[in-house]
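Dear colleague,

My notes on it follow directly after.

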Amino acid sequence: MYFMRNIFSFSFFCMYGVHLEGTFSRQYKAEQEFVNKQVLDNVLSEVNCHSTLTCTVLCRQLDCGCFGFNSMVHKCRVHTFCRLESTLVDDTGWEYYRTSWIEFMNSQYWVGKDLVTWHGAEVMCRNIGANLAEIESPEEDNFIHSLVSHLKEDIWLGATDIAEEGTWLSAEKNTTLTYVNWYPGQPNNYGGNQNCLCLYEPYPYDHAWCDDVCSMLHQFVCERKAF
């Protein structure tokens, strides 16, 4: 019922030209050029529409991962996800936009709300052209904390000491971390198998740096270089 109500509302926007420019001030940047490959199995909706702005409305209502807009035929397709290497079969006139990426300094960040293992989070980040976020400065640490401070789950980040206990490496670069901010007494490898970095949520930690068992189910933050 909620889904149908949102579709109806969005159709009203498109049909009657409701003025939305003041509602959504930021337009998402188009991704790099896609190859011609079918991903129609994850389309959430396809509607007639006249601008990317109204397509953005539907995308946000349906919590989509990306959307496509075709200015030639005035259509919008909203997707659960779009991988960097794939797009629709008929891509003539289509431009694709990612959603929910937040820019800071030279990177863009996306908060994954699914509860997954650390390795599962790695895969999900790679599927959207990113890696698990690696914090490299106090400024970035504060920024990521601001992204997740409202969440009630622990958060996976991109570091592990699986290869050698006590030697924490970047998951992306496989190099020693250049910045750390462990909670006092952490990492403690409790139980002998805490090998992945998370932001631990329960009081008094408040999403502080802790080590955890990699098979635990947490939310996560992905990071990629800005356009």
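What pLDDT does the protein chain average, and what share of the residues score at least 70? The model is a predicted one, and its protein chain has an average pLDDT of 78, with 74% of the residues scoring at least 70. Two stretches call for caution. Residues 1-13 stay under 50 in pLDDT, and the model gives them 23 contacts beyond four places in sequence. Over residues 84-90 the pLDDT is likewise below 50; that stretch has 33 contacts in the model beyond near neighbours in sequence. Where pLDDT is low, predicted coordinates should not be read in detail.

Once neighbours within four places in sequence are set aside, T92 is in contact with N70 and M72. T92 and N70 are 22 residues apart along the chain, and their C-alpha atoms are separated by 8.0 Å.

I also examined the second largest pocket, which holds about 160 Å³ of space. Its lining comprises G129, N131, L132, A133, E134, E136, S170, E172, K173, E223, R224 and K225. By class, these are 7 charged, 3 polar and 2 nonpolar residues. Strands β7 (131-132) and β12 (218-225) each contribute at least two residues to this lining, and β12 gives the most, with 3 residues.

I would be glad to receive your comments.

With kind regards

How values were computed. Residues are numbered from 1 along each chain as its sequence is written. This is a predicted model: local features need pLDDT of at least 70, side-chain atom pairs count only at pLDDT 80 or more; totals for chains, interfaces and linings use all residues. Side-chain values use heavy atoms; hydrogens and water are left out. pLDDT is the predictor's confidence in each residue, from 0 to 100. Contact means heavy atoms within 4.5 Å. On a 1 Å grid over the protein atoms alone, a cavity is a set of points where a 1.4 Å probe fits but cannot get out, and a pocket is an open set with protein on both sides within 12 Å along at least five of seven lines; lining residues have an atom within 4 Å of a point. Grid points are joined across faces, edges and corners, and a volume is the space filled by probe spheres set on the points. Helices (H or I, at least four residues) and strands (E, at least two) are DSSP runs, numbered from the N terminus. Ala, Val, Leu, Ile, Met, Phe, Trp, Tyr, Cys and Pro count as nonpolar, Asp, Glu, Lys and Arg as charged, and the others, Gly among them, as polar.
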